[in-house]
Amino acid sequence: MGKVKTKTGPLARRPDNSAFKQQRLPAWSPMLTANTVLPFFYFMALICMFLGVWLLLTVQSTKEMKLDYTEAGTCDRCFEKRKNVSNAAQPCSCTVVFSIGKKFKGDVFFYYGLRNFHQNLRRYMDSRDDAQMVGRKKNLQTPSTYCFPFTTDQNGQPIAPCGAVANSMFNDSFVLTYHMPGGRPEKVPLLRQGITWYTDKNIKFRNPKTENLTLPEVFKGTAKPLYWQKPVYELDPLDPTNNGFINDDLIIWMREAAFPNFKKLYGVLNRAKEPFTTGLPAGNYSIEISYNFPVQYFRGRKEVVLTTLTWFGGQNHFLPIAYLVTSSLILLVAIVLTVVWWKFGKNGKNMEE
Amino acid sequence: MHWECEWEHGSTRHFTYLLHSSSFIHLFTVLSFLLQTNAIKTSKYNFFTFLPLNLFEQFQRIANAYFLFLLVLQVIPAISSLSWFTTVVPLVLVLTVTAAKDATDDIVSAICNLCMIFFPRVSADLLLLSSSEPLNLVYIETAELDGETNLKVRQALPVTGDLGDDIEKLADFNGEVRCEPPNNRLDRFTGTLTYAGQKYPLDNEKILLRGCTLRNTEWCFGLVLFGGPETKLMQNCGKSTFKRTSIDRLMNVLVLCIFGFLAIMCTILAIGNFFWEMNEGSQFTVFLPRQEGKDAKFSAFLTFWSYVIILNTVVPISLYVSVEIIRLGNSFYIDWDRKMYFARNDTPAEARTTTLNEELGQIKYVFSDKTGTLTQNIMTFNKCSINGKSYGKKHSFLYTVDFSFNPLADPRFMFHDHALVEAVKLENPEVHAFFRLLALCHTVMAEEKTEGELLYQAQSPDEGALVTAARNFGFVFRSRTPESVSIMEMGQQRSYELLAILDFNNVRKRMSVIVRSPEGKLSLYCKGADTIIYERLHQSCSKLMDEFAGEGLRTLALAYKDLDEDYFSQWKQRHHEASTTLDDREDKLDQLYEEIEKDLLLLGATAIEDKLQDGVPHTIEQLSKADVKIWVLTGDKQETAENIGYSCNLLREEMNEVFIISGNSPEDAYALEHSMELEFLRTACMCKAVICCRVTPLQKAQVVELVKKYKQAVTLAIGDGANDVSMIKAAHIGVGISGQEGMQAVLSSDYSFAQFRFLQRLLLVHGRWSYLRMCKFLRYFFYKNFTFTFVHFWYAFFCGFSAQTVYDEWFITLYNLMYTALPVLGMSLFDQDVNDLWSFQHPQLYMPGQLNLYFSKKAFFKCALHSCYSSLVIFFIPYLAMNDTVRDDGKDVADYQSFALLTQTCLMFAVSIQLGFEMAYWTAVNTFFILGSLAMYFAVTFTMYSNGMFLMLPSAFPFIGTARNSLNQPNIWLTILLTSILCVLPVVTYRFLMIQLCPTINDRVIFKVRQAKAAPPPLPRRARIRRTSSRRSGYAFSHAQGYGDLVTSGRFLRRPAVSRSSGFAHTGRTTTGFSPMGRSAGYSPTGRPQNVKVNDVEVTSLQMYRTMDHTL
């Protein structure tokens, strides 16, 4: 080690007198003293308390309705029917009724939820081809091997969209009806578009370039996923622009959930018409479900969730409560520390040798 | 030419590399030849072999091999739970950094090697055949071997010396050498040369050992007896072993533990996977079919390996390379330290090894050499007692004695007692006799290059000091011939006929000369160890002797005796007979010496001070306050070592438990033998101070090994000479004193600097900081990686044990390399709890290192627990906060990608804040690194998740938009805040409680520093250097035997004076040439009767007279 210097003279090899080399860099040396720690603790306790209360109030102001429809209402029939694989192709509809005690003010969001469905299995999550979904022609015809075993169908035709994730797409559909007291049932209008991340809809998922071709022509030569009843270009019969890889339901499904219990956005209340302009009125509702998605394979449950939101999101009480608990914990610790400091460390008593 | 060399015991070993006629050219250039072939090749690589060799070597390191194995695992698709780049990128980076370091090390060592062979140094053990100098003498310096810096003389046998530089003759010479097998005795050699039917004994005087340096000799021829590892020097060097620090060893143990832990975790998860696959998975096959014939068992097996890959970060690949970088940085600090730079010979400190730094903070035992390490190896004459009156005792340092009356005085000589000069000037006969003895009784050679400029070549520095003292007090030794000694007595040239030198040896501990004064008086002058001399005094001297003892000058005693002419001639005859007998020659000579050296008359005693290096007592005091045990191991004799022990504060008067062991005394030599070593160690460790004297280089190493073996403590050896090499190599840390002529110790050392006192800074500042930094680094590094990894473990319970990672793969790749590398490196390079001045002020701060308090298995376990807690917080808080939650616009935020981003952001904040708590010294660089790393995390994350990157490689960057869509949510940030608070809370609480309830020494000192902040930092206390009482000043008398022979045989005088005019009559010159000058005007030299022929005075002396005449 040591570098060769060209300096000459009696002190040629004398090291430089720089603060860095002499380890004299100016520095701040903090220490955990009572003057800093104790006020900090009390302050943090206050902050957490404030946050906790604020968040709790915020969360309390939201309304949420959860409805497990797996075997509810008339769905038990469909539930049994779906247990048998041979009936997979047969349609099955059922209705579940429920009522809302208080009006859901403002925007109301309609979710479907699955319990115990592991979208987060490694092999499951890997089984997709993002390049195909972003509209790469090459991957449309020859999907990535990651999609195995849903790369090609029995005839060797490439599957679009390939992979286990797309194949297992949730395919129940819902029609929510409001039973006005004394009036005829009113279908609750849901916005079924604009429910994905902007980046997903516009960048991550693209249809292959059409070049004046229709969507079916573009997807020619590809097969629909095994479990699908309709090909990808016919997912939304109502809106042709919502078909192909940019179908909102597909995009939402493809954004895999981190945990086995999850809910995904199905639609947002369209508040254009009465009586829904100010939200979802109290009263009786029914949901007509086209019950396609089998449950027994993941031993889980299916549910629908209606909820209103705040800036803080949905009705999750964890954070407010956690903040309140943390606040009291900090306060407790702060008191203990104060006592200890008072008894032992005051005026540097403990530092005497 | 036919040479054969046999070892006495190993019967027939032919030295084929010796000088056969075909290779006689080697003989001609024997030195340069040996320099070339004996040069040890230390450069490992060349340009082409570097890459393959280095890679091969690197993969031999277990950690790197492990990562290669991981890489192989990742290529298997069924197992691969991570993309290949998560391992390849770090591995390549680590290999590159390590390779770069190896390459520079290699280049540096190659350069060093070149420097090393630059000196005209003998590099094999040679039998001297002939030389350019008269009488086949060779002048050598053996500083490398035994630390002595004086010139020594070696002489070839006449039978080989006559060959001269005649190659033909040398080639034709047909002899046989039988000698002892290679051994490590530096001071003896036995063998015979058989030539023409005659046997010639070979002893150490005819051998040039590897490591000695030729001086004043143009050329010489030698026969290689031992080369390479068989040379005595190398036999003494001990094994050079690859040194590793205790932290290294602990780290290896921990890494093995971690491997075990990893296996346990993976097994748990594999079992979990098995049950999950049995229950849930078998149903879920509808959505995710298994490959054919692969059941839950096989899935569990694959999962095991997948988790090995995912959880591999518990054994972080960057650990080793980071450790190396930190050590390198801390080594540079040592190189750069101005306070360890010695301006007098322009020597900075040097960290020659860059892998041992933190061990400097854990030293428990320091083994120090004495000569040249504690002492300056400069002897000064500063006290004497003549005829019961002692001089130079007063501590009046105000003025030094003015020697201007004496034109031949050595200006460097200092003396502080004017009374002695007055006594000389007043012609006190005892004082004159005293100095006359000093001027006559020695084996010093004088060289007078220019008029009046005398240069003494003394065989030992103390003898040089004595002769110089005599010179300054007006008894100038000027020259010698085999038969005479010329001195200038108070300006008067006198030549004494030198009749015999009764040489010094270790048993006799004295030397005498028998001279005939110009007046014809026969005298024996003797100087030697006080105890020895006292035994040989005349009865009448007993009173005087008592006075001396009372005076306390128990050092070197001077005595003389007038001889009877008849007795002497008879003695001389017997002496001649004895010196020509073949058997028992030495015994007989000893008896003769004993016979004549009795009934001596005491003249006085001198005290020579072996000058300590600056700051030695203070350093020793500081180190002992830091609970570092200092053992002095010296080849010197007991009295000297003891005296040095007292003067450097190692021994104090009030100490009772002092253990001084002498290596060569018959009973003690066994102390190092196997059966006794424990007893020795136990005794030694009970003592407050340990001094081992008369130990050979190898014994020094044995002592070190002993302590290493049984005390499990970290040892440091410090020395300056080749005799310390073995000990330097044996100890955990070897320190060489550099800037002196000898390089051997420095070359085998790990650290080198010019002064012993720098040891204090090396240990108490650099060592302590390095240890502190390394431990902080390791604690934090394990913490951050465990926290990182454990989150995967918790996630496994939610993802069906499917080996799904929690984080984005890019984050996994870059976490150790980019996001957290610089802050922790910054801490490990800059951190200091208190600055150097406070470190000196409180040497106790060093003790935690000796007790391994900062990093141990316990500390590691604590780290793991802490990580466990943090990972639980970092996983479960986001899980509970995000599960079932949506964005403020109802869109997804509980998806996998958002969750990954959230946990990794929480992790980044948690580990960054934790680092902030670890750091005690926030420089601008540290702050920049921490904030910069966080900023870089966000910058890189946003880049990775950007549209452009995704469109370029959709499958490599699937996280597009995640950062934009989730980091704009308040609940995400509230979650991050909560995890940070919960991670910090217990840390702050625990630390604050510890500081309040049981503050460590560090806390106390830091507290003091804060209190003293207003006041300037303390100045290091200048220790009162307690010079102990006068009777502790030692006289080294480190002569070797055999010098007297040389002097009398006349072989000594290499260059005769320019024009020696033999027979120049110099009778009864008066002392006109010497005039009193200056203050000493009252001086008038004696005119003693001078009627004896002096025919061998050198012209130089006469010329001196004449010039003096002219000046008058």
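Predicted model: local features only at pLDDT ≥ 70, side-chain atom pairs only at ≥ 80, totals over all residues.

Visitor: Where does R299(A) sit?

Guide: R299(A) is in the loop between β11 (283–290) and β12 (301–308) of chain A. Helices (H or I, at least four residues) and strands (E, at least two) are DSSP runs, numbered from the N terminus. Phi of R299(A) is near 50 degrees, a positive value in a residue other than glycine.

Visitor: Is R299(A) buried or partly exposed?

Guide: R299(A) is partly exposed, at 46% relative accessible area. M490(B) also has phi near 50 degrees. M490(B) is buried, at 4%, in the loop between β18 (484–489) and β19 (492–502) of chain B.

Visitor: Which peptide bond into P149(A) is cis?

Guide: The one from F148(A), with omega near 5 degrees. A160(A) and P161(A) are joined by a cis bond too, with omega about -10 degrees. P161(A) is in the loop between α5 and α6 of chain A. P149(A) is in the loop between α5 (137–141) and α6 (164–167).

Visitor: Switching to the interface. How many residues of chain B are in contact with chain A?

Guide: 110 residues of chain B contact 104 residues of chain A; contact means heavy atoms within 4.5 Å. The buried area is about 9600 Å², with 63% from carbon and sulfur atoms. That area is the accessible area (1.4 Å probe) that two parts lose on being put together, summed over both.

Visitor: Which residues of chain B lose the most area to chain A?

Guide: F287(B), R338(B) and F992(B), together 9% of what that side buries.

Visitor: How many salt bridges cross the interface?

Guide: The rule finds 3: a side-chain nitrogen of Lys or Arg within 4 Å of a carboxyl oxygen of Asp or Glu. R255(A) and D895(B) meet in a salt bridge at 2.5 Å, N to O. On the side of chain B that touches chain A, helix α36 (residues 970–997) gives the most, with 17 residues.

Visitor: How many salt bridges are found over all chains?

Guide: 50. One joins E64(A) and K263(A) at 3.5 Å. E64(A) is in strand β2 (residues 64–68) and K263(A) in strand β9 (residues 262–269), so the pair ties together parts 199 residues apart in sequence. E64(A) is partly exposed at 24%, and K263(A) is buried at 6%.

Visitor: What about D248(B) and R327(B)?

Guide: Their side chains meet in a salt bridge at 3.4 Å. D248(B) is in helix α10 (residues 246–284) and R327(B) in helix α12 of chain B, 79 residues apart. D248(B) is buried at 8%, as is R327(B) at 1%.

Methods: Residues numbered from 1 in each chain as written. Chains lettered and ligands numbered in written order. Heavy atoms only, no water. Buried < 20%, exposed > 50% of the residue type's maximum accessible area, 1.4 Å probe, protein only.
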